[in-house]
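Please examine the sequence and the three-dimensional structure shown below. The paragraphs that follow lead from individual loop positions to the overall fold.

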Amino acid sequence: VQLQASGGGLVQAGGSLRLSCAASGRIFSIDALGWYRQAPGKQRELVAVATNGGRINYADSVKGRFTVSRDNAKNTVYLQMNSLKPEDTAVYYCNAEVHFSDSWYKADYWGQGTLVTVSS
(Lines give C-alpha, C1' and ligand atoms only; values in the text may rest on other atoms or scores of the structure.)
Protein backbone atom coordinates (compact mmCIF):
# COMPACT_ATOMS: atom_id res chain seq x y z
CA VAL A 1 0.00 0.00 0.00
CA GLN A 2 1.28 3.46 -0.91
CA LEU A 3 -0.03 6.89 0.01
CA GLN A 4 0.86 9.70 -2.37
CA ALA A 5 0.30 13.20 -1.04
CA SER A 6 0.36 16.41 -3.04
CA GLY A 7 -0.69 20.04 -2.87
CA GLY A 8 1.72 21.62 -0.42
CA GLY A 9 3.54 24.86 -1.09
CA LEU A 10 4.18 28.42 -0.03
CA VAL A 11 1.25 30.72 0.64
CA GLN A 12 0.74 34.05 2.36
CA ALA A 13 -1.20 34.31 5.60
CA GLY A 14 -4.91 34.34 4.91
CA GLY A 15 -4.53 32.27 1.78
CA SER A 16 -5.73 28.77 0.92
CA LEU A 17 -4.28 25.45 -0.12
CA ARG A 18 -5.80 22.07 -0.91
CA LEU A 19 -3.96 18.87 -0.11
CA SER A 20 -4.73 15.52 -1.70
CA CYS A 21 -3.64 12.02 -0.75
CA ALA A 22 -4.38 8.92 -2.81
CA ALA A 23 -3.95 5.40 -1.44
CA SER A 24 -3.11 2.58 -3.82
CA GLY A 25 -2.25 -1.10 -3.63
CA ARG A 26 -3.91 -4.07 -1.97
CA ILE A 27 -6.83 -2.32 -0.27
CA PHE A 28 -10.12 -3.89 0.73
CA SER A 29 -11.36 -0.88 2.67
CA ILE A 30 -10.05 2.04 4.69
CA ASP A 31 -11.29 2.95 8.17
CA ALA A 32 -9.83 6.27 9.31
CA LEU A 33 -8.32 8.45 6.59
CA GLY A 34 -6.85 11.77 7.53
CA TRP A 35 -4.09 14.27 8.04
CA TYR A 36 -1.45 14.93 10.65
CA ARG A 37 1.25 17.59 10.74
CA GLN A 38 4.64 18.12 12.29
CA ALA A 39 6.16 21.54 12.75
CA PRO A 40 9.92 21.99 13.34
CA GLY A 41 10.83 20.99 16.87
CA LYS A 42 7.34 19.74 17.66
CA GLN A 43 5.60 16.38 17.83
CA ARG A 44 3.33 15.13 15.09
CA GLU A 45 -0.27 16.09 15.78
CA LEU A 46 -3.69 15.26 14.42
CA VAL A 47 -5.14 17.83 12.02
CA ALA A 48 -8.30 16.15 10.75
CA VAL A 49 -9.57 12.63 10.21
CA ALA A 50 -12.63 11.17 8.52
CA THR A 51 -13.82 7.65 9.29
CA ASN A 52 -15.53 5.29 6.88
CA GLY A 53 -18.60 5.59 9.05
CA GLY A 54 -18.81 9.33 8.47
CA ARG A 55 -17.34 10.68 11.71
CA ILE A 56 -14.99 13.63 11.34
CA ASN A 57 -12.62 15.01 13.96
CA TYR A 58 -10.63 18.23 13.79
CA ALA A 59 -7.91 19.69 15.94
CA ASP A 60 -9.26 22.68 17.81
CA SER A 61 -6.67 24.90 16.14
CA VAL A 62 -8.09 24.27 12.65
CA LYS A 63 -11.83 24.08 13.32
CA GLY A 64 -13.73 26.48 11.09
CA ARG A 65 -10.77 26.92 8.73
CA PHE A 66 -9.94 23.42 7.45
CA THR A 67 -12.26 20.88 5.85
CA VAL A 68 -11.44 17.21 5.39
CA SER A 69 -13.27 15.06 2.87
CA ARG A 70 -12.79 11.64 1.33
CA ASP A 71 -13.68 9.90 -1.90
CA ASN A 72 -14.01 6.21 -1.05
CA ALA A 73 -14.24 5.16 -4.69
CA LYS A 74 -10.80 6.69 -5.27
CA ASN A 75 -9.33 5.92 -1.82
CA THR A 76 -8.45 9.58 -1.64
CA VAL A 77 -8.60 12.14 1.15
CA TYR A 78 -8.54 15.91 0.74
CA LEU A 79 -7.77 18.75 3.10
CA GLN A 80 -9.05 22.18 2.15
CA MET A 81 -7.16 24.75 4.20
CA ASN A 82 -8.49 28.31 4.32
CA SER A 83 -7.47 31.38 6.32
CA LEU A 84 -4.01 29.92 6.75
CA LYS A 85 -1.80 31.23 9.55
CA PRO A 86 1.98 31.14 9.97
CA GLU A 87 1.50 28.64 12.80
CA ASP A 88 0.02 26.20 10.26
CA THR A 89 3.50 25.85 8.75
CA ALA A 90 4.47 22.18 8.96
CA VAL A 91 4.99 18.99 7.04
CA TYR A 92 1.57 17.45 6.51
CA TYR A 93 1.25 13.67 6.46
CA CYS A 94 -1.71 11.63 5.36
CA ASN A 95 -2.61 8.48 7.25
CA ALA A 96 -4.79 5.51 6.40
CA GLU A 97 -6.02 2.51 8.42
CA VAL A 98 -6.21 -0.19 5.75
CA HIS A 99 -8.09 -3.50 5.73
CA PHE A 100 -6.81 -6.13 3.29
CA SER A 101 -9.93 -8.30 3.56
CA ASP A 102 -13.20 -8.33 5.47
CA SER A 103 -11.45 -9.45 8.64
CA TRP A 104 -10.92 -7.22 11.68
CA TYR A 105 -7.20 -6.83 11.00
CA LYS A 106 -6.00 -3.45 9.74
CA ALA A 107 -2.62 -1.80 9.23
CA ASP A 108 -1.51 1.80 9.53
CA TYR A 109 0.12 3.57 6.58
CA TRP A 110 1.68 7.03 6.18
CA GLY A 111 2.30 9.21 3.17
CA GLN A 112 5.67 10.81 2.49
CA GLY A 113 4.66 14.24 3.75
CA THR A 114 4.10 17.50 1.94
CA LEU A 115 5.46 20.84 3.18
CA VAL A 116 3.09 23.73 3.81
CA THR A 117 4.74 27.10 4.48
CA VAL A 118 2.64 30.10 5.46
CA SER A 119 4.40 33.45 5.35
CA SER A 120 3.34 36.39 7.47
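Apart from its neighbours within four places in sequence, Arg-26 is in contact with Val-1, Val-98 and Phe-100, where contact means heavy atoms within 4.5 Å. Arg-26 sits in the loop between β3 and β4; strands are DSSP runs of E with at least two residues, helices are runs of H or I with at least four residues, and both are numbered from the N terminus. With a relative accessible area of 62%, Arg-26 is exposed. Here buried means under 20% relative accessible area, exposed means over 50%, and partly exposed lies in between, with a 1.4 Å probe and protein chains only. Arg-26 and Gly-9 are 17 residues apart in sequence, and their C-alpha atoms are 30 Å apart in space.

The model is a predicted one, in which local features need pLDDT of at least 70 and side-chain atom pairs count only at pLDDT 80 or more, while totals for chains, interfaces and linings use all residues. Residues are numbered from 1 along each chain as its sequence is written, and side-chain values use heavy atoms, with hydrogens and water left out.

The fold contains zero helices and 11 strands, so that the pattern read along the sequence is β-β-β-β-β-β-β-β-β-β-β. The radius of gyration is 14 Å, close to the 14 Å that the globule rule gives for 120 residues, so the protein is as compact as a globular protein of that length. This radius is taken over C-alpha atoms, and the globule rule is 2.2 Å times the number of residues to the power 0.38. Along the principal axes, the C-alpha atoms fill a box of roughly 50 × 25 × 25 Å. Of the contacts between residues at least 6 apart in sequence, 55% join residues at least 24 apart.

Buried residues account for 42% of the 120 residues. The largest nonpolar core has 30 residues, and those with the most contacts inside it are Trp-35, Val-47, Phe-66, Leu-79, Met-81 and Tyr-92. Such a core is a set of buried Ala, Val, Leu, Ile, Met, Phe, Trp, Tyr and Cys residues joined through side-chain atoms within 4.5 Å. Two or more residues come from each of β1 (2–6), β3, β4 (29–38), β5 (45–50), β7 (66–71), β8 (76–81), β9 (90–99) and β11 (114–119). The most is given by β9, with five residues. Beyond its neighbours within four places in sequence, Tyr-92 has contacts that include Trp-35, Val-47, Phe-66, Leu-79 and Met-81. Leu-19, Gly-113 and Val-116 are also among the residues in contact with Tyr-92.

The loop between β8 and β9 holds Asn-82 and Ser-83. Asn-82 is partly exposed, with a relative accessible area of 28%, and Ser-83 is also partly exposed, at 41%. Not counting residues up to four places away in sequence, Asn-82 touches Gly-15, Ser-16, Arg-65 and Phe-66. Phi of Ser-83 is near 50°, a positive value in a residue other than glycine.

Gly-15 lies in the loop between β2 (9–12) and β3 (17–24). With a relative accessible area of 17%, Gly-15 is buried because this value is under 20%.

Asn-75, in the loop between β7 and β8, has a phi near 50°, a positive value in a residue other than glycine. Its relative accessible area of 22% makes Asn-75 partly exposed. Gly-54, in the loop between β5 and β6 (56–58), counts as exposed at 56% relative accessibility. The C-alpha atoms of Gly-54 and Ser-101, 47 residues apart along the chain, are separated by 20 Å.
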